[in-house]
Amino acid sequence: MPRYYFDLRDDKGIALDEEGLELASPRAVRAEAAKSLADMARDAVLSAPPAGGRQTMAIDVRDASGPVMQLTFWFEIETPASRSQSGDH
């Protein structure tokens with residue numbers, strides 16, 4: 001079974017996966033990347049400031065041959081006060 005590496009990237013930098021996972025199919029790789037990205041997103045949203053601007057994160061998947069896929073997620077927390085300060089209504 002091929003081994004895939006899931007490198008985590010956000011606005012602060014990149015964390016390389018040195019262990020990887022053996023997965024049987026492209027669907028299994030996508031599912032693992034989606035799960036990892038969802039975990040990153042949950043943690044980032046919970047630790048973000050109340051109206052802290054846009055944050056971007058990604059999972060870069062690679063195998064022994066090189067890049068396989070990238071999943072990217074971004075979010076921005078807005079409150080009614082932050083919307084009115086920016087002029088958006």
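Mentor: Helices (H or I, at least four residues) and strands (E, at least two) are DSSP runs, numbered from the N terminus. Keep in mind that this is a predicted model, where local features need pLDDT of at least 70, side-chain atom pairs count only at pLDDT 80 or more, and totals for chains, interfaces and linings use all residues. Residues are numbered from 1 along each chain as its sequence is written, and side-chain values use heavy atoms, with hydrogens and water left out.

Trainee: Okay, how many residues sit between β4 and β5 in their hairpin?
Mentor: There are 2 residues between β4 and β5 in that hairpin. The two strands run antiparallel, joined by 10 bridges. For landmarks, Val61 has Met69 as its bridge partner in β5, and Met57 stands opposite Phe73.

Trainee: Which strands does β1 pair with, then?
Mentor: Take β4 to begin with: 6 bridges join β1 to β4, and they run antiparallel. Asp7 is bridged to Asp60 there, while Leu8 stands opposite Ile59. β1 also pairs with β2 (residues 13-15), antiparallel over 3 bridges, and Arg9 has Ile14 as its partner. Those two form a hairpin with 2 residues between them. Finally, 2 bridges link β1 to β3 (residues 21-22), again antiparallel, with Tyr4 partnered by Leu21.

Trainee: What should I look for along a strand like that?
Mentor: In a regular strand the side chains alternate between the two faces of the sheet.

Trainee: And how do I read a nonpolar core?
Mentor: Think of a set of buried Ala, Val, Leu, Ile, Met, Phe, Trp, Tyr and Cys residues joined through side-chain atoms within 4.5 Å, where buried means under 20% relative accessible area with a 1.4 Å probe, protein chains only. In this model the largest such core has 14 residues, and Tyr4, Phe6, Val29, Met57, Ile59 and Val61 touch the most other members. β1, α1 and β4 each supply at least two of its residues, with α1 giving the most, 6 residues.

Trainee: What does Met57 touch?
Mentor: Using contact as heavy atoms within 4.5 Å, and leaving out residues up to four places away in sequence, Met57 touches several residues, including Arg9, Leu37, Met40, Leu71 and Phe73.

Trainee: Last one: how is a pocket found?
Mentor: Rolling a probe the size of a water molecule over the atoms shows where empty space is left. On a 1 Å grid over the protein atoms alone, a pocket is an open set of points where a 1.4 Å probe fits, with protein on both sides within 12 Å along at least five of seven lines; lining residues have an atom within 4 Å of a point.

Trainee: Which residues line the largest pocket?
Mentor: Among them are Leu8, Asp10, Lys12, Met40, Ser47 and Met57. The largest share of that lining, 4 residues, comes from α1.

Technical notes. Two strands pair if DSSP finds at least two bridges between them. Buried means under 20% relative accessible area, exposed over 50%, partly exposed in between (1.4 Å probe, protein chains only).
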